[in-house]
Amino acid sequence: MGYVTQILEVLALVFVLLLGAAALIVVLCYVIDRTQTGDAIRRNYPVIGRFRNLFTRLGEFFRQYFFAMDREEMPFNRAQRDWVAHATTGKDNTIAFGSTRNLGVPGTPIFVPAVFPPLDDQFAATAPMEIGPGAAIPYKARSIFNISGMSYGAISRPAVEALSRGAAKAGIWLNTGEGGLSPYHLTGNCDIVYQIGTAKYGVRDAEGRLSDERLRAVSDHPCVRMFEIKLAQGAKPGKGGILPGAKVDAEVARIRGIAVGQDSISPNRHAEVDDFDDLLDMICHIREVGLGTVF
Ligand SMILES: Cc1cc2nc3c(=O)[nH]c(=O)nc-3n(C[C@H](O)[C@H](O)[C@H](O)COP(=O)(O)O)c2cc1C
């Protein structure tokens, strides 16, 4: 019996010590929070203010797993992520018994079955759209849906290769993005739209001006069917862009025509294009040198 009493006494002592330590920590936190000047929440609500950050961070996980509905999250919701997970593991993507979308939102596209649907040989053929009818080599776009620009470097080699193969299969074009033409864009042998961004990556000289020589080399490539001039840095309005030196390895430097390991600036617009006249001059010049379509 004495043995049990002793254990209980020790446990009680530990409990009191822990309680004391906790009280001491609370007092310390209170003093620290009240006297610091970096965080207004903790200064105004000492101790409990600390839980705000914790709960905010935890909230992200709780919402994702327990509270968010299937189609609530941005930019990709759970239904879309599941769809991709199923598709990439070869599972069935067909979902029976209705839609998980709210179809009552105005503007939701709804496909209504025709009373007398067309048979296989009755579908209207989509005529290819000719781009640059006045160019030396106009481009006939077979599809109105294509792959918009995402630079190699912003997306990885497997991603670029997958897009290239997919574009070839689908008969659509792949836009390089402003990061230049990598060997991976050519994997699938698809049509390529070469984007000339404001830093003119891949078609620039050492000073960042358009290099006719490099432009010709790019346009000589049979897969490169069009040039696209990106006029400004739409996603960074008024600021231009910066590619940090840490991301400029030997391969990126070679593809883009810049120095290894150095920051590279994408100006807010093409330095030589002040107005529409300049833009037309640039388009004509690229058409002449590159012998192809520009849009
Ligand atoms: C990783 C990444 C890289 C991108 N790089 C470029 C680029 O180099 N040039 C460009 O014009 N747009 C670029 N974009 C923008 C896309 O081409 C596209 O316009 C944008 O993602 C909006 O389309 P979405 O809503 O289908 O994503 C990039 C987008 C992403 C996600």
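Two residues are in contact if their C-beta atoms, placed from the backbone, lie within 7 Å. This is a predicted model: local features need pLDDT of at least 70, side-chain atom pairs count only at pLDDT 80 or more, and totals for chains, interfaces and linings use all residues. Residues are numbered from 1 along each chain as its sequence is written.

**View 1. Surroundings of Asn93.** Asn93 is in contact with Trp83, His86 and Ala87, leaving aside its neighbours within four places in sequence. Asn93 sits in the loop between α4 and β1 (129-131). Helices (H or I, at least four residues) and strands (E, at least two) are DSSP runs, numbered from the N terminus. Asn93 is exposed, with 10 other C-beta atoms within 10 Å. A residue is buried if 20 or more other C-beta atoms lie within 10 Å of its own, exposed if 12 or fewer, and partly exposed in between, with C-beta atoms placed from the backbone. Asp82 lies eleven residues from Asn93 along the chain, and their C-alpha atoms are separated by 9.0 Å.

**View 2. The shell around the ligand.** Residues surrounding the ligand include Ser148, Gly149, Met150 and Ser151. Glu178 and Lys230 also belong to this shell. The shell divides into three nonpolar, six polar and two charged residues. Here Ala, Val, Leu, Ile, Met, Phe, Trp, Tyr, Cys and Pro count as nonpolar, Asp, Glu, Lys and Arg as charged, and the others, Gly among them, as polar.

**View 3. Helix α5 and its two faces.** Val160, Leu163, Ser164 and Ala167 are buried in α5. They cover an arc of only 100° around the axis, which puts them on the same side of α5. The arc is that of the directions from the helix axis to the C-beta atoms. An α-helix has 3.6 residues a turn, so residues three or four places apart point the same way. The buried residues of α5 pack against β3 (173-175). Pro158 and Lys169 are exposed, on the face turned away from the buried side. Just after α5, Gly171 takes a positive phi of about 70°.

**View 4. The largest nonpolar core.** This core has 23 residues, and those with the most contacts inside it are Trp173, Leu174, Ile192, Tyr194 and Val218. β4 gives the largest share, four residues. A nonpolar core is a set of buried Ala, Val, Leu, Ile, Met, Phe, Trp, Tyr and Cys residues joined through C-beta atoms within 7 Å. Beyond four places in sequence, Trp173 touches residues including Ala141, Ala167, Ile192 and Arg225.

View 5. The peptide bond from Met74 to Pro75 is cis, with omega near -5°. Pro75 is in the loop between α3 (50-67) and α4 (78-88). Val47 is not a glycine, yet has a positive phi of about 65°. Val47 lies between α2 (40-44) and α3, in a loop. Asn189, also not a glycine, has a positive phi of about 65°. The loop between β3 and β4 (191-196) holds Asn189.

Terms used:
Near = placed C-beta within 6 Å.
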